[in-house]
Amino acid sequence: MKKTNVHAWARLLLACAAFALAAPVVAFEEPGHRDKALQRKMRLLASAPNGTQAINSDAAFWGNKAFVGNYDGFRIFDISNPSQPVLITDFRCYGPQNDLSVYDRNGDGEADLLIASVDRTLTGPACGSAATLNHDDPGGWEGLRIFDISNLAAPVLLATVYQDCGSHTHTLIPQPERGRLLVLNSSYPLRPGPTCGPVRGPQAKRDPLHGVIQVVEIPLAAPAAAFELTELPINYPGDPDNKFDPAEHGLEGLDSLRACHDIAVFMPLGLVAGACAEQAQMWRIDPISGLPDTVRPLWVYHDSVDSDGAGGGDVAVDFWHSATFSWDGRTVIFIDESLGTGCPTTTPIKGVASDTGRMFFLKAATGEKLSHYFIEREPQADDPVQYCSAHLGNTVPSYGRDLLVNAWYTGGVDVIDFTNPRKPREIAFYDVRGDNWSAYWYEHGHGFDIGPMNIYGTHGVEVPADGLGFQSFEAYTATLRVRVRGLNPQTQEFMLK
């Protein structure tokens, strides 16, 4: 997608209109919230439970469709009317986590490929395969599934690519000029796999810590011929043992690792932010290979010590989980997923009670820490579990201010203004019976939007049996926003100036 810009006078005119049209008009609140003014700026429009009691995971968007994963498969919704999402198909294909990406390889405005991550050893790659009795069953399969979704009502499994340690999540790097779609596959050996972990890994001549990002190439002209292209090495520069040890975070019985979780790509600047468990890293895409240079990070950020203990002003990082860029590429937000408990979340890191589960605002150019942030709300009595770590969200392509949408597990869904990244602040939230995995801004089309902002989330993580599934919200933020053709939240394809 081309870089987006408008003249200054047009920005001013539209921003003035946005302020008038986006003023809060919602007479909606629930008891128990400290700041009712912020809650009145966001409301739930619709919910669609998945009907299987499966954990609801990640989502992607293209055109007026939403593609929503759950551990039993994925669902496709028509979101032309955000107040009334219409289910197109409920496709059952067991494979935790079923994190999804979609792509329009034909350029007709409709997604025709769907990629799904499977991070559980199954009896085979086909839909209908069951979980193996043992995670490290040598005959088992885990990895990536690739579907043809040209007919949204009847997805077809085109290809599967086995991945060592499975596919926990993945990120797309579209390269249509090279006739291909690259998939950066993120996985790690928290549990063993057929060719993964401290026993099966060495038997298969693999690093027991994993130590790589596996890259899959999908030829756009023949997606059924998808294959593993290469592996990118991962290290933790400056880290004494060059690994992430779950036992140091109070998690016994899980294997150590050297790998990454979510990876964010900012295409216009060729930057890639890797949330790599022990460290946050920034890489540059090599113009010759088209791949991230993980051997020579531009910078790394590491913060594992809380100097003043739980409840103080200092914080530590439990597990670098995800990342996203501001749409001008100047700020990168890294999310720490707390492995601890509570709301606010705390973790015993190396035996010391530490504040965790925050989001970190860093300068994309240098890795300088600008601030960290955590919601300033008390947990609700009706939350299924008192646990409110930051988890998954995305930034809003907007003029005049920088906004971040995020899910906080049982802390609900919110909008954060980080126009001043040294002083981020919450400006709207919805936190009623919170149990959210992800929350994303998405508005399809061309041009701009100046009315209520559309946000979509997935609900049903801690207590999936009571999960509300796919959710649609609107928030009142007085912000001028750019509409988009589609959105894989971890791949940002244009730049605002």
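A disulfide is a pair of cysteine sulfur atoms within 2.5 Å. The model looked at here is predicted, so local features need pLDDT of at least 70 and side-chain atom pairs count only at pLDDT 80 or more, while totals for chains, interfaces and linings use all residues. Residues are numbered from 1 along each chain as its sequence is written, and side-chain values use heavy atoms, with hydrogens and water left out.

Q: Which handedness does the link of Cys93 and Cys127 have?
A: The sulfur atoms of Cys93 and Cys127 are joined at 2.0 Å. The angle about their S-S bond is -90°, and the link is left-handed.

Q: How many residues apart in sequence are the parts that Cys93 and Cys127 tie together?
A: Helices (H or I, at least four residues) and strands (E, at least two) are DSSP runs, numbered from the N terminus. Cys93 sits in the loop between strand E5 (86–92) and strand E6 (97–103). Cys127 belongs to the loop between strand E7 (113–122) and strand E8 (141–148), so the parts tied together are apart in sequence by 34 residues.

Q: Is Cys127 buried, partly exposed or exposed?
A: Buried means under 20% relative accessible area, exposed over 50%, and partly exposed in between (1.4 Å probe, protein chains only). Cys127 has 29% relative accessibility, so Cys127 counts as partly exposed.

Q: Where does Cys276 lie, the partner of Cys260?
A: Cys260 and Cys276 form a disulfide with sulfur atoms 2.1 Å apart, and their link is right-handed, with 80° about the S-S bond. Cys260 is in the loop between strand E13 (227–233) and strand E14 (263–266), whereas Cys276 is in strand E15 (residues 271–276).

Q: What is the relative accessibility of Cys276?
A: Cys260 is buried, with a relative accessible area of 2%. Cys276 also counts as buried, at 0%.

Q: Why is the disulfide of Cys343 and Cys388 right-handed?
A: The sulfur atoms of Cys343 and Cys388 are 1.9 Å apart. The disulfide is right-handed because the torsion about its S-S bond is about 110°.

Q: How many residues apart are Cys343 and Cys388?
A: Cys343 is in the loop between strand E19 (331–336) and strand E20 (346–349). Cys388 is in the loop between strand E23 (369–373) and strand E24 (393–396), and the pair links distant parts of the chain, 45 residues apart.
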